[in-house]
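Trainee: I would like to learn how to read a structure such as this one. Please take me through it step by step.

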Amino acid sequence: MKLIYQVEDKPKFGALIVFAIQQLLAIMTATLVVPIITNSATGSNMSSAAALFGAGVGTLVYVLFTARKSPVFLGSSFAFLGSMAAAFAGGVSMQLGYLGLIFGAVFAGLVYVVIAIIVKFVGVGWINKLMPAVVIGPTVAIIGLSLAGNAMGDIVKGGSAHPNVALLCGLITIAVTMVCSSYGKKSGRLIPFIYGILAGYAFALVLTLIGNATDCDSIKLLSFDSFKALTEGGVSIKTFIAVPDFTFLTAVDGFREMNAGYLGSIAVAYIPVAFVVFAEHIADHKNISSIIERDLLKEPGLHRTLLGDGVGSMCGAFFGGCPNTTYGESIGCVAITKNASVATIIAAAVGAILISFLSPFIAFVNSIPSCVMGGVCMALYGFIAVSGLKMIQAVDLGKNRNLFVVSVILIAGIGGLTVNFGKVTITEVAVALILGILTNLLLKKAPEEE
């Protein structure tokens with residue numbers, strides 16, 4: 001792929017800020033929603049702003065460990081939702097639950113650290129043998145395809161608005177994004193998501209204002225509740241700037257209640273999931289490697305990407321409670337915009353930290369209709385899927401053994417096959433990868449077909 005900005009390139013300051021905002025918009029909704037889901041499931045009060053701060057810190061740690069060679073943003077991981085809920089199970093106090101979130105991220109991060117040490121001494125050759133293109137390609141495709149349902153669910157969701165109205169808004173968003181990316185000048189091709197989101201938001205705003213004026217709920221796509229919350233109790237400095245409710249501030253008091261039994265339950269909830277996310281870590285880095293045409297598993301090295309992901313996840317949870325992971329949305333953004341500049345990732349991370357203090361911006365992001373983000377994610381998730389399919393272009397699908405490997409992975413992944421062991425869920429991506437590896441090993445020595 002011909003990139004507009006290479007990994008080491010540094011765009012001019014003004015352009016850099018705009019590119020960073022685009023990266024943030026691509027990852028922000030998912031990052032902010034993880035604590036919201038956890039709050040709904042557990043009755044906790046995790047802060048979305050703190051999660052965004054933690055994502056920014058985690059990304060900076062990742063960039064440091066990867067020596068500025070991997071253009072990926074880290075955000076709140078959905079894979080650990082069940083683990084995070086386990087931290088609050090059994091009616092524990094909020095303080096102990098928050099402490100459990102931090103210890104859980106430490107346990108998960110240590111799994112990455114141990115694997116990184118092993119990789120440092122034995123190399124990555126075994127990974128390439130275990131997961132060749134015929135295995136990793138369709139697995140990467142599954143990462144995008146497995147999210148297709150989320151995008152389609154969002155694109156018809158618009159609060160009280162009719163699903164068809166929401167769909168129209170989502171289609172306008174993706175249409176503007178595609179036109180800017182394909183027909184726009186250099187600036188348009190670099191920031192198509194900003195144009196798309198703004199166009200979708202403007203369309204939703206116009207319909208909502210008309211709906212309010214005519215008392216027609218079926219076209220009200222926007223909710224202003226997040227903005228109203230800023231002025232509850234009157235306008236003050238907190239209306240504009242507020243310090244996020246960092247996890248560690250509440251977790252400190254949890255040490256009084258900590259015991260070995262609770263700590264063991266947290267370890268059991270987090271450690272197995274870390275091994276599952278490790279598989280997705282490999283797939284994500286194989287994907288971004290194919291996009292920038294540099295093997296990140298060799299340079300800076302898988303041990304560095306693992307350390308960056310693991311330690312970054314610990315740091316992110318310390319502030320926001322959510323373990324972090326490399327984001328497919330970020331990788332998709334790099335692929336579509338052809339901007340692989342790590343300087344953009346750094347600026348986005350710093351921006352996430354600063355924006356977490358700005359109440360109006362958080363309110364604006366929370367007010368973006370789901371249908372708008374659904375439209376954007378059609379492209380983001382689709383490009384992830386296409387990137388995976390491109391990896392198997394060189395694979396001879398005329399051979400049955402390769403066909404079986406690709407078929408098993410695609411059907412298991414698209415079919416949503418998951419495996420549960422108590423509170424631990426092995427995701428469809430991990431299950432598909434495992435089945436693909438086993439199929440490839442089973443058929444590896446099959447005789448050549450005539």
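Mentor: We will go from the overall shape to the helices, then to single residues. Keep in mind that this is a predicted model.

Trainee: Then start with the whole. How many helices and strands are there in the protein chain?

Mentor: The protein chain has 20 helices and four strands. Its radius of gyration is 22 Å, close to the 22 Å that the globule rule gives for 450 residues, so the chain is as compact as a globular protein of that length. Along the principal axes, the C-alpha atoms fill a box of roughly 75 × 60 × 40 Å.

Trainee: What share of the 450 residues is buried?

Mentor: Buried residues make up 53% of them. The protein chain exposes about 18800 Å², and carbon and sulfur atoms supply 67% of that area. As for contacts with a separation of 6 or more, 82% are between residues 24 or more positions apart.

Trainee: Next, helices. How do I judge whether a helix is straight?

Mentor: Compare the distance between its ends with the span expected at 1.5 Å a residue. Helix α18, residues 370–391, has 22 residues and should span 32 Å; its end C-alpha atoms are 31 Å apart, which agrees. Even so, α18 bends by about 30 degrees at Cys377.

Trainee: And what does the comparison give for α14?

Mentor: Helix α14 covers residues 297–320. A straight helix of 24 residues would span 34 Å, but the end C-alpha atoms of α14 span only 29 Å. There is a kink of about 50 degrees in α14, centred on Arg304.

Trainee: What should I look for in the backbone itself?

Mentor: Most residues other than glycine have a negative phi, and most peptide bonds are trans. In this model a cis peptide bond joins Glu299 and Pro300, with omega about 15 degrees. Pro300 lies in helix α14. Just after α14, Gly321 takes a positive phi of about 85 degrees.

Trainee: Now cysteines. How many disulfides are there?

Mentor: The count comes to zero. The test is distance: the two sulfur atoms must be within 2.5 Å. The sulfur of Cys371 is 3.8 Å from the closest cysteine sulfur, in Cys169, which is too far for a bond. For Cys377 the closest cysteine sulfur is in Cys333, 11 Å away, again too far for a bond.

Trainee: Are these two cysteines buried or exposed?

Mentor: Cys371 is buried, with a relative accessible area of 0%. Cys377 is buried as well, at 9%. Recall that Cys377 is where α18 bends by about 30 degrees.

Trainee: Last, how do I describe the surroundings of a single residue?

Mentor: Take Thr38 in helix α1, residues 13–42. Thr38 is buried, with a relative accessible area of 2%. Beyond those neighbours, its contacts include Gly43, Leu81, Met84 and Phe88.

Trainee: With which residues is Met28 in contact once its neighbours within four places are left aside?

Mentor: Met28 is then in contact with Leu52, Phe361 and Val365. Met28 also belongs to helix α1 and is buried, with a relative accessible area of 0%.

Trainee: Where is Ala51, and is it buried or exposed?

Mentor: Ala51 is in helix α2, residues 48–65. It is buried, with a relative accessible area of 2%. Leaving aside neighbours within four places, Ala51 is in contact with Thr31, Pro35, Ser76, Gly320 and Cys322. Separation in sequence and in space should be read side by side: Ala51 and Ile355 are 304 residues apart in sequence and 11 Å apart in space, C-alpha to C-alpha.

Notes
Residues numbered from 1 in each chain as written. Predicted model: local features only at pLDDT ≥ 70, side-chain atom pairs only at ≥ 80, totals over all residues. Heavy atoms only, no water. Helix = DSSP H or I, 4+ residues; strand = E, 2+ residues; numbered from the N terminus. Bend = angle between axes of the 7 residues up to and from the residue. Buried < 20%, exposed > 50% of the residue type's maximum accessible area, 1.4 Å probe, protein only. Contact = heavy atoms within 4.5 Å. Rg over C-alpha atoms; globule rule 2.2 N^0.38 Å. Areas by Shrake-Rupley, 256 points an atom, 1.4 Å probe, with all protein chains shown as cover.
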